[in-house]
Amino acid sequence: MLADERTLEALDFAGVLARVVGATHTERGRALASALAPLSDFDAIRREQAATADIRELIAGADFHVGRAIDTASLTEAAALGRMLGSGEIRAVAEAMSAAAAAYKGTRARPTETIGAITAAYLPLNEIVRGVTDAIDERGTVTDRASPALGRIRRNLIHAQNDARDRVGSIARSGNRAIQDSVVTLRDGRYVVPIKAEFSGEFAGIVHDTSSSGQTLFVEPLAALDSNNRVRTLRLEEEREVSRILEALSRVIGGAAEQIERNVEMLARLDVLAAKAQLARSMDARPAELLDEPAVAILDGRHPLLGDRAVPQSLSLDDETRLLVISGPNMGGKTVALKMLGLFVAMTYTGLQVPAAHGTRIGRFERVIADIGDEQSIVENASTFSAHLRRMREILAEADARTLVLVDEIGGGTEPTAGAALAVAFLERLLAVRACAIVTTHATELKLFAHGTPGVANASVRFDPRTFAPTYHLDIGAPGQSLAFPLARAMGIEDGILARAERLLESRDRDYEAALAELGQRNAELQGERDAAARARTAAEQREGEARRAREALDRERAALVEKAQEQLTKALRDFVAELARRAAENASRPKVTASQSALMDRSIAAMRRDLGIVPGTPGAAPSDALAVGDRVHVASYDKEGVLAEDYGESALVALGALKTVVPKSELKRVGGPRVEKQRPRGDGGGARLEASTRTMAELDVRGRRFVDAQPLVERWLDDAMLGGSGELRLIHGKGTGMLGRGLQEFLRDYPGVKSVRYGDQNEGDGGVTIIELQG
């Protein structure tokens with residue numbers, strides 16, 4: 001085991017795991033993510049890192065998506081033992097199988113060795129999924145098409161219900177004085193009429209219920225007894241047929257239980273990898289380079305739990321520097337740097353990427369041991385210092401050349417001189433066994449030890465020399481000041497007390513603090529100069545970029561002016577030639593333009609064009625074969641012609657008749673025919689709403705598309721609908737495996753302006769349609 005629970009708890013490793021768990025989509029994936037821990041097998045660590053990198057690249061460049069899925073283990077086990085599953089349970093198992101199939105298909109877009117090892121056990125179970133989805137809908141209801149017998153029974157049941165309701169309704173409207181109301185109601189599945197209690201003896205029938213007041217009886221008329229019995233009989237037949245269907249589907253699931261579990265296990269592992277990749281993307285993380293030697297080098301590392309508040313830190317331990325002693329005032333970031341290094345090692349060994357710059361390297365350690373925080377216990381009669389001593393004993397017993405030790409406030413909790421002496425002896429032992437360690441301290445003795453001992457280096461947290469506010473930057477090579485007196489003065493302690501305290505401080509300590517203050521001031525000045533140089537360099541780069549953009553804007557403006565001048569010149573020449581032709585037609589006796597005169601005019605026009613810069617190949621001019629919105633194009637993948645409707649950069653939205661689809665521009669070729677001009681409304685918001693309302697459809701059909709192709713169409717459709725003031729929309733995605741519908745519903749639930757999302761009812765298209773209600 002790389003690290004014990006105490007170390008992981010001290011490093012806040014659970015906080016990182018919580019973010020991984022929160023990015024999962026499956027129940028089993030969440031369980032696997034919760035159980036993640038640093039590995040000790042370095043080959044396994046390399047494989048996990050490769051798998052995380054592969055899945056992140058897959059997500060970035062392919063249509064890979066992990067759908068939501070339950071943990072099927074208990075249900076498949078029950079089915080294998082012969083228990084009949086409920087319709088909702090069977091549907092949930094099928095959706096988990098469908099999610100596994102979709103995830104497996106997504107990995108085929110960019111197969112890799114690491115992903116292939118995870119998906120090797122997968123086998124498609126399409127027939128089972130199809131059988132379940134045909135028989136049970138998204139709500140867990142057995143459908144009429146589950147079997148011919150069930151469809152026939154339900155049709156007969158509808159006829160029988162209508163007949164019984166009509167018969168009882170005619171009795172209720174007969175005008176009999178015993179009848180309370182002409183409304184037909186149901187009691188115990190039988191149609192009844194409300195009868196006044198005082199006339200119960202005058203009405204022939206069977207009492208099924210009474211009102212809360214006892215004044216009304218709900219009576220089934222004897223004349224409707226046969227009709228109600230027919231309804232009851234058909235309901236029993238329906239229940240038996242539904243049970244038969246569920247038993248058959250449960251047997252199928254039980255027979256494939258082992259393979260279903262292998263497929264769901266694959267889905268869960270891919271889910272965890274995708275969660276790792278999602279966390280890496282959110283933290284702008286990257287994989288650390290893995291080294292065989294026990295060493296570590298962090299470049300611009302950011303604590304993964306601090307988010308935007310994290311200040312980049314760089315530190316390293318290698319053959320030359322085995323121990324690093326970080327000193328400086330409290331609240332300056334010493335413990336944050338300590339925990340960051342430990343977390344980076346633990347994360348890397350768990351297959352996670354780390355938020356640091358390229359070039360970050362993490363070596364091969366067999367043990368990471370941390371002693372961070374106050375662990376005193378009244379129950380165990382253990383003080384803070386004794387708890388640290390016990391931990392120190394454990395560290396010394398296990399430390400070797402492949403051990404990373406992290407100790408906060410080493411030697412603290414006791415008399416300072418004795419604590420510092422123990423700490424020096426402790427560090428000397430670690431140095432002797434070639435262990436790597438980072439410790440924090442306030443002790444001057446440890447700073448001097450680090451300064452004068454080969455293999456040990458000082459580091460300090462930086463403070464502003466004027467305000468004494470922490471900057472949370474780490475400076476390697478210089479010890480930190482305590483800043484006790486400046487901080488006390490800044491906090492308003494009386495000058496007399498501070499003067500007395502300074503006199504009580506030994507001269508050697510005063511000289512040491514003065515030297516540290518001077519060194520700190522010089523370091524701050526140097527760092528300020530470096531920061532100023534970096535800002536100047538950034539500003540220069542920014543000005544260069546602005547100048548480049550300005551030059552490009554001027555080139556575009558010049559090109560526009562050239563184009564306008566060309567149009568005006570062409571029009572003037574056209575008008576001139578037309579005028580010459582008109583005058584020649586009026587008076588044929590007038591002298592005509594000779595060939596030499598025409599040539600002279602052509603040369604003059606060419607000279608004018610050169611003077612104006614109107615020459616072929618004008619910089620900034622658009623290529624003649626560039627595509628534009630409204631162009632008629634041929635789509636290679638569909639072998640059809642359409643109109644380019646929207647330009648998305650590398651891809652475009654093309655209208656092929658009533659169908660609109662997103663295709664790469666590489667598949668498009670402009671064909672002849674007039675350009676279809678897009679009418680733009682005048683004015684601002686009102687015109688935009690008018691345009692949207694004229695083109696918005698209350699219904700969109702995306703059947704047969706992948707999620708990645710359907711999403712931009714749905715997004716544009718929603719935007720137009722919101723501008724047009726639509727209230728309810730109908731999205732047709734079909735049923736199939738259900739993945740497209742579920743993916744679009746997840747997208748819609750998070751979309752601003754969408755009030756509610758639901759599947760259509762039986763009259764609206766059932767599970768193949770999603771009904772969207774927009775906010776008013």
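## A right-handed crossover

A crossover is right-handed if, with the strands pointing away from the viewer, the path from the first strand over the helix to the second runs clockwise. This predicted model holds such a unit: β11, helix α14 (residues 416-432) and β12 form a right-handed β-α-β unit.

## Strand β11 and its neighbours

Strand β11 covers residues 403-407. Strand β10 (residues 367-371) runs parallel to β11, and five bridges join the two. On the other pairing, four bridges link β11 to strand β12 (residues 436-441), again in parallel.

L404 takes part in both pairings. V368 has L404 as its bridge partner in β11. In β12, the partner of L404 is C436.

## How covered is β11?

How many of the five residues of β11 are buried? Five of the five are, and the strand is mostly covered. Buried here means under 20% relative accessible area.

Both faces of the strand are covered. T403, V405 and V407 lie on one side, and these residues are buried.

Where does M491 sit? M491 is in the loop between α16 (484-490) and α17 (495-504). Is M491 buried or exposed? M491 has a relative accessible area of 69%, so this residue counts as exposed. The cut-off for exposed is over 50%.

Note on methods
Residues are numbered from 1 along each chain as its sequence is written. This is a predicted model: local features need pLDDT of at least 70, side-chain atom pairs count only at pLDDT 80 or more; totals for chains, interfaces and linings use all residues. Side-chain values use heavy atoms; hydrogens and water are left out. Buried means under 20% relative accessible area, exposed over 50%, partly exposed in between (1.4 Å probe, protein chains only). Two strands pair if DSSP finds at least two bridges between them.
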